[in-house]
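Hi,

Here is the structure I promised to pass on.

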Amino acid sequence: MSLKQIQINHDPIDTRQIQNWDQVKVHVQPNLCMECSLVPQNPYQCYKCSKLICYPCHTEQKAKARGPKIFCQKCKALQYFNPANNSVFQAYRELVIACVNKRYGCRIQTDYKKYQKHIDECDYQRLPCNSPGCFVTTLKRYKQEHLTVCEYVVETCDNCNKQFNRKSMAYHQEKCGAEEQTGDVQQLKVELLKLRNKLDSVLQMNFQQEIKELQQKLIQQQQEIVLIIHQHNIFKFTQKIYFKYIFIQNCMVFI
């Protein structure tokens with residue numbers, strides 16, 4: 001894969017980032033952007049004089065020109081600019097480039113070919129928070145830590161599934177939790193009433209069963225009492241007859 005094929009539309013490289021500038025400036029200076037004087041990552045070149053312009057500057061100049069041609073500073077005329085050919089990238093092969101995030105702590109130095117890949121993955125690049133309403137920018141390596149405390153992170157309420165940022169979620173949960181609690185209380189009251197009715201029916205059935213058992217015991221006791229009384233009466237009657245018999249026997253002896 002050629003250098004030309006891997007180029008994408010990224011910001012140009014400041015010459016102050018080039019660590020071996022003194023050694024390569026003779027070859028690189030003619031290939032700087034004609035507008036911003038930086039090393040282009042996705043350059044366009046004039047079809048007539050081959051003067052280079054970086055992609056951001058090319059886009060800006062084309063918008064101003066309102067047409068396919070832009071002004072070439074070398075030709076001093078409107079010219080067509082096309083993507084640069086492979087020969088242009090040969091001048092960039094020997095560059096030793098310090099990361100643009102060096103001021104934030106990155107110490108990586110790389111070549112032209114690997115520079116943008118490093119920039120995309122660099123932990124020291126400053127990134128804006130993605131939460132709507134938050135304007136904080138943090139280093140990529142600290143972004144997750146920021147998201148754990150960011151008040152604008154969008155969260156979903158567990159009760160109603162509505163989304164609020166973390167700043168508003170506490171107030172919402174108090175209100176939503178109170179509504180949920182009221183609903184729970186009403187549900188508990190209904191369940192309690194059902195349990196009470198069920199208990200009453202069970203108690204009533206148990207009472208009826210106990211009443212039947214007591215009635216049976218009462219009847220049984222009454223029968224036993226009647227039997228005892230009956231037996232007692234028979235005993236007394238027999239005793240009376242016995243005493244009468246003895247009395248008669250005694251009287252007959254005296255006669």
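Before I go on, some housekeeping. This is a predicted model, in which local features need pLDDT of at least 70 and side-chain atom pairs count only at pLDDT 80 or more, while totals for chains, interfaces and linings use all residues. Residues are numbered from 1 along each chain as its sequence is written, and side-chain values use heavy atoms, with hydrogens and water left out.

**The sheet**

β1 and β5 run antiparallel and are joined by 3 bridges. They belong to an open sheet of 3 strands, ordered β2-β1-β5, with antiparallel pairing. Its edge strands are β2 and β5, each pairing on one side only. Pairing here requires at least two DSSP bridges between two strands. Helices (H or I, at least four residues) and strands (E, at least two) are DSSP runs, numbered from the N terminus.

**The chain as a whole**

There are 7 helices and 11 strands in the protein chain. Of its 255 residues, 26% are buried; buried means under 20% relative accessible area, exposed over 50%, and partly exposed in between (1.4 Å probe, protein chains only). The accessible surface is about 18900 Å², and carbon and sulfur atoms account for 54% of that. Those areas come from the Shrake-Rupley method with a 1.4 Å probe, and for residues only the protein chains shown count as cover. Among contacts (heavy atoms within 4.5 Å) between residues at least 6 apart in sequence, 40% join residues at least 24 apart.

**Helix α3**

In α3 (residues 55-65), C57, H58 and Q61 are buried. These residues are on the same side of α3 because they cover an arc of only 100° around the axis, the arc being that of the directions from the helix axis to the C-beta atoms. The buried residues of α3 pack against β1 (44-46), β2 (52-53), β3 (70-72) and β5 (81-83). Just after the helix, R66 takes a positive phi of about 55°.

The largest nonpolar core has 21 residues, of which V28, V39, Y92, L95 and Y112 touch the most other members. Elements giving two or more residues to this core are α2 (21-28), α4 (86-89) and α5 (112-121). Another core lies apart from it, with 11 residues, among them C46, I53, C57 and F81. By nonpolar core I mean a set of buried Ala, Val, Leu, Ile, Met, Phe, Trp, Tyr and Cys residues joined through side-chain atoms within 4.5 Å. Not counting residues up to four places away in sequence, V28 touches W21, V39, A91, Y92 and L95.

N20 sits in the loop between α1 (3-6) and α2, and it is buried, at 15% relative accessible area. Leaving aside neighbours within four places in sequence, N20 is in contact with E94, L95 and V96.

D120, in helix α5, is partly exposed, with a relative accessible area of 40%. Again not counting residues up to four places away, D120 touches H10, Q125 and K140.

**Aromatic pairs**

The whole structure holds 5 aromatic pairs. For the cut-offs, rings of Phe, Tyr and Trp (its six-membered ring) pair if their centres lie within 6.5 Å; planes under 30 degrees apart count as stacked, over 60 as edge-to-face and the rest as tilted. Y47 and Y80 have ring centres 6.2 Å apart and planes at 65°, so this pair is edge-to-face. Y47 lies in the loop between β1 and β2 and Y80 in the loop between β4 (77-79) and β5, so the pair ties together parts that are 33 residues apart in sequence. Y47 counts as exposed at 52% relative accessibility, whereas Y80 is partly exposed at 38%.

F89 and Y92 form another edge-to-face pair, 6.3 Å centre to centre with 75° between the planes.

**Two positive phi values in loops**

S50, in the loop between β1 and β2, has phi near 70°, a positive value in a residue other than glycine. N161, in the loop between β10 (154-156) and β11 (163-165), also has a positive phi, near 65°. S50 is partly exposed at 42% relative accessible area, and N161 counts as exposed at 60% relative accessibility.

Cheers
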